[in-house]
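Subject: Structure handover

Hello,

Here is the structure you are taking over. Please open it before reading the notes below.

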Amino acid sequence: FFFQAEDGIRDAQESRGLGDVYKRQGLLSMAFLNFRALKVLCLNFEYCVRISDKGISSLVKGPDRHLLARANRSSCIPRIFSGRSQNQSIPQGAYLDSPLIENHGIESLNLNFGWCNDVTDKSAMLLLQMKLRKLKYLELGFGNCIGITDQTLIYLAHLLRRCNKLQVIKLNFPKCKALTDNGLNSFSEVNLLKLRTAEINFEECNVSDEGFYSLLQIWRNSPILESLRLSFGGCPKLSDRSIISVSRNLSTLNKKNISLNFYDCKGITDNGFLILTNQLLDLQLKELFMNFVGCYQISSKNLEAAILLLKLHLKGAFTLPVSYTHLTLPTIYSV
């Protein structure tokens, strides 16, 4: 099941313009869907700023009596979801249980509520109450949700310990200022041995080396990891320790894809950068992207960094540009 709403959920009638969000039903209409048999669920409500915990609660738990009474007076719900005529009402007690939570067969889950400012931990944990033992693909997007805190990460880590079949994980929490090391530390006991792809984005969050290292445990022991994409730009508390910890866990990624985005991480210096590039020299990568723009402590004072990058290029190690600040390279290799 796929549902995507751009700039707001609109009525079936003609819209009056961009962002014309209808107020009569909202997520109430979706609460009457039967989610029990779903294997693939994708809900994309990015930038739908009027969505709040109340609507998501109705979606997950099913409508309560008050919402059901509203639905009986609505022409949209019966017409779209129940197959009844506009004059027929939904039977009393229909879907009053929690069909989404009771689903035991979800294999692919994609939830995107980025930039929904009224979405909090309550909504995130409600959406994750499904039985996820068969889950193979997980993508969560809560970028710039100021109500998302460490509680969501702690709850997520608890669930991931049971997801033994998970192959792809994508966590996008950029600009969630309330996220700290306390939440990331909960991932220290998560070990996904069947993981093939890991994409982690905590840009401009309040995390340091301690939380970053705990997060590495997710894919550390996976022997079949094929793609690793880390985005921690704008995290000033990260230092060489984080870069070194990454370099020590790259051996399984030979002939694979790596993306490291650490822009504006002021604590990263030549030392960490050189250790990282030395490790990368031992790998024959299909794709490498490195972004260290704004890391002013990486300099050209020691040209060894530039020489190592040049060797990487001559070995055909990367196809995407390498970004840097204050690092002198020949013009032909500069981006």
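Predicted model: local features only at pLDDT ≥ 70, side-chain atom pairs only at ≥ 80, totals over all residues.

Residues are numbered from 1 along each chain as its sequence is written, and side-chain values use heavy atoms, with hydrogens and water left out.

Overall

The protein has ten helices and ten strands; these are DSSP runs numbered from the N terminus, helices being H or I with at least four residues and strands E with at least two. Of its 335 residues, 54% are buried (under 20% relative accessible area, with exposed over 50% and partly exposed in between; 1.4 Å probe, protein chains only). Among contacts (heavy atoms within 4.5 Å) with a separation of 6 or more, 84% join residues 24 or more positions apart.

Leu215 sits in helix H7, residues 209-216. Leu215 counts as buried because its relative accessibility is 1%. Leaving out residues up to four places away in sequence, Leu215 touches Leu184, Phe187, Ile200, Phe202 and Phe232. Ser208 lies in the loop between strand S6 (197-201) and H7.

Aromatic rings

Eleven aromatic pairs were counted (rings of Phe, Tyr and Trp, the last by its six-membered ring, with centres within 6.5 Å; planes under 30 degrees apart are stacked, over 60 edge-to-face, the rest tilted). Phe212 and Phe232 have ring centres 4.8 Å apart and planes at 80°, so this pair is edge-to-face. Phe212 is in helix H7 and Phe232 in the loop between strand S7 (227-231) and H8, 20 residues apart. Relative accessibility is 1% for Phe212 and 0% for Phe232. Phe212 also forms an edge-to-face pair with Phe262, at 5.9 Å centre to centre and 65° between the planes. Phe262 is in the loop between strand S8 (257-261) and H9, 50 residues from Phe212. One aromatic cluster includes Phe202, Phe212, Phe232 and Phe262.

Helices H8 and H9

Helix H8 (residues 240-247) packs against helix H9 (residues 270-280) with axes 8 Å apart and an angle of about 10°. The residues of H8 in this contact are Asp240, Ile243, Ile244 and Ser247, which meet Asn271, Gly272, Ile275, Leu276 and Gln279 of H9.

Regards

Methods:
Axes fitted to C-alpha atoms, helices over the stretch in contact; angles between N-to-C directions.
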